[in-house]
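Colleague: Hi, I'm new to this one. Could you walk me through it?
Modeller: Happy to, let me put it on screen.

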Amino acid sequence: MEPFDLAVVGGGAAGFMAAITAAENGVKRIIILEGTSKFMEKIRISGGGRCNVTNATWIPNELVENYPRGGIQLLESFNRFAAGDVFDWFEKKGLKLKIEEDLRVFPVSNSSAEVIDCLRKSALSKNVELLTKFFVKEILKTRDDSFNISSLKKEKIITKNIILCTGGHPSGYKLAQNLGHNIVKPVPSLFTFSTKEQNLNECSGVSIKGIDIEIKLNNKTFQNRGDLLITHWGFSGPAVLKLSSIAARELFSQKYKFNLIIKWSVLSYDELKEKINCLRFKKGRMNLINSRPVPLLTKRLWIFLLNKIDIDKDKKWADLLADERDKMINILTRDKYIISGKGPFGEEFVTSGGVKINEVNFKTMESLICPGLFFSGEVLDVDGITGGFNFQHCWTSGWIAGMAVSKLSHKVTNQ
Ligand SMILES: Cc1cc2nc3c(=O)[nH]c(=O)nc-3n(C[C@H](O)[C@H](O)[C@H](O)COP(=O)(O)OP(=O)(O)OC[C@H]3O[C@@H](n4cnc5c(N)ncnc54)[C@H](O)[C@@H]3O)c2cc1C
């Protein structure tokens with residue numbers, strides 16, 4: 001059997017971008033090997049079925065700030081192929097994109113199926129072979145520096161180059177390890193927080209903008225400001241997802257048992273004391289429930305907080321006792337919740353960990369240990385926060401790997 005010039009293992013976002021880029025730049029015999037019966041399944045379910053393709057953060061220096069792991073190495077990559085390039089890449093292929101207020105980029109149609117269609121058609125138009133149900137079990141390097149790939153069903157393929165794009169699937173880490181790579185232990189990132197806090201579900205659905213939240217673990221403090229959503233199991237929303245990403249490794253080591261501090265007010269203890277004293281004197285005849293010291297708090301949430309500190313919501317401001325005032329200030333400036341685990345559903349679940357990035361040449365995405373082996377996407381120890389940054393990393397690393405394979409003219413059959 002004539003060897004392939006390039007076998008891409010894993011038919012997700014990274015794999016398709018890598019294969020299309022190589023094909024469009026002259027690499028001839030390319031095959032994408034997908035273990036399941038469907039390509040790009042994660043793209044399909046992404047962004048609630050809308051696929052948040054990237055983020056309109058055009059400047060590479062700003063883009064890298066959204067990657068808790070891998071940021072430094074990514075700067076060079078983004079200087080070559082960043083969010084604006086991805087936007088143009090898709091639009092040139094006929095996929096119309098739009099930028100939402102928070103900078104997230106989606107297809108105008110709001111349908112991830114269009115992204116899949118665009119990638120599939122682009123691959124097929126360049127004669128990339130697409131093979132499903134080929135679950136790669138083993139990759140062996142041959143004496144002539146090619147690779148023998150075997151599937152679970154013992155089918156075999158020979159290829160001169162491989163781009164490993166197996167996402168967070170454990171088999172991909174094993175394949176990389178067998179070819180000499182080290183793996184940073186994969187742990188989940190981008191998850192919500194569960195709490196058994198009594199009565200919090202009364203606030204389910206309450207969403208508040210620009211809240212500071214904090215976790216202290218192993219003498220480290222992790223903080224984030226963002227929009228917070230209270231759910232029937234605990235806390236969600238961009239503030240929580242980002243904090244889960246920043247602290248992913250430490251939270252894993254604590255088995256997701258930790259204290260979450262929520263600062264409902266941006267004011268300091270003394271500033272809030274002054275504000276509350278003001279309410280006591282100026283609005284003394286009003287009930288606590290009808291005048292909130294933090295205007296952002298919804299009525300439901302304010303009642304919940306008052307109940308939590310055992311203060312009668314119908315009490316008059318003038319009747320508030322000094323110790324009650326202190327309890328109120330404490331809960332508004334540092335409200336503590338015991339988190340008992342991750343939330344039941346991953347909203348934009350991604351794996352932190354993977355192939356060690358100092359074993360990969362980020363100029364080409366080629367392995368520094370096994371020549372001819374390249375990596376792209378989530379299989380690497382790179383992960384971003386929510387907002388389209390994880391796909392952006394797939395597009396960028398896929399593009400760089402595809403370009404690099406096309407430049408290996410001595411090893412591939414160029415057109
Ligand atoms: C619910 C959900 C929503 C998300 N929404 C967004 C979003 O809107 N925006 C965003 O930026 N990110 C989002 N993400 C994250 C994003 O989906 C991933 O970062 C991205 O899909 C990773 O792409 P990848 O190509 O590296 O891996 P994957 O998409 O996981 O693709 C890897 C492929 O390799 C195949 N494979 C694995 N092992 C083998 C093997 N041994 N042999 C052959 N094939 C194999 C798998 O079956 C899979 O098809 C979301 C994630 C989830 C779970």
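**Around the ligand and beyond**

Colleague: Let's start with the ligand. Which residues come nearest to the ligand?
Modeller: There are 37 residues around the ligand, and Gly10, Gly12, Gly47, Gly167 and Gly377 come nearest. Keep in mind that this is a predicted model.

Colleague: Which elements give two or more residues to that shell?
Modeller: Helix 1 (13-24), helix 2 (41-49), helix 7 (170-178) and helix 13 (389-407) do. Helix 2 gives the most, with five residues.

Colleague: And how many of the shell residues are nonpolar, polar or charged?
Modeller: The shell around the ligand has 14 nonpolar residues, 18 polar ones and five charged ones.

Colleague: Switching topic: which residues touch the most other members in the largest nonpolar core?
Modeller: Val8, Ala19 and Leu164 do, in a core of 111 residues. In general, nonpolar side chains tend to be buried together in soluble globular proteins.

Colleague: What is Val8 in contact with, leaving aside neighbours within four places in sequence?
Modeller: Val8 is in contact with Gly15, Ala18, Ala19, Ile30, Ile32, Leu33, Ile163 and Cys165.

Colleague: Now the strands. In which sense do strand 7 and strand 8 pair?
Modeller: Strand 7 (residues 136-141) and strand 8 (residues 147-151) pair in the antiparallel sense, over five bridges. For one of the partners, look at Ile139, which is bridged to Ile149 in strand 8. The two strands form a hairpin with five residues between them, and Asp145 in that turn has a positive phi of about 70 degrees.

Colleague: What about strand 8 and strand 9, how many bridges join them?
Modeller: Four bridges join strand 8 to strand 9 (residues 156-164), and these strands run antiparallel. Ser150 stands opposite Lys156 in strand 9. Strand 8 and strand 9 also form a hairpin, with four residues between them, and Lys154 in the turn has a positive phi of about 70 degrees.

Colleague: Zooming out, which domains is the chain divided into?
Modeller: The assignment gives domain 1 (4-188 + 351-407), domain 2 (193-265 + 338-342) and domain 3 (269-336). The C-alpha centres of domain 2 and domain 3 lie 23 Å apart. Their contact takes 13 residues from domain 2 and 14 residues from domain 3.

Colleague: Which strands each supply at least two residues on the domain 2 side?
Modeller: Strand 12 (207-217) and strand 15 (258-263) do. The largest share, four residues, comes from strand 15. By class, that side of domain 2 has seven nonpolar, three polar and three charged residues.

Conventions:
Residues numbered from 1 in each chain as written. Predicted model: local features only at pLDDT ≥ 70, side-chain atom pairs only at ≥ 80, totals over all residues. Near = placed C-beta within 6 Å. Nonpolar A, V, L, I, M, F, W, Y, C, P; charged D, E, K, R; others polar. Core = buried A, V, L, I, M, F, W, Y, C linked by C-beta atoms within 7 Å. Buried ≥ 20, exposed ≤ 12 C-beta atoms within 10 Å, placed from the backbone. Contact = placed C-beta atoms within 7 Å. Pairing = 2+ DSSP bridges. Domains from an automatic or database assignment.
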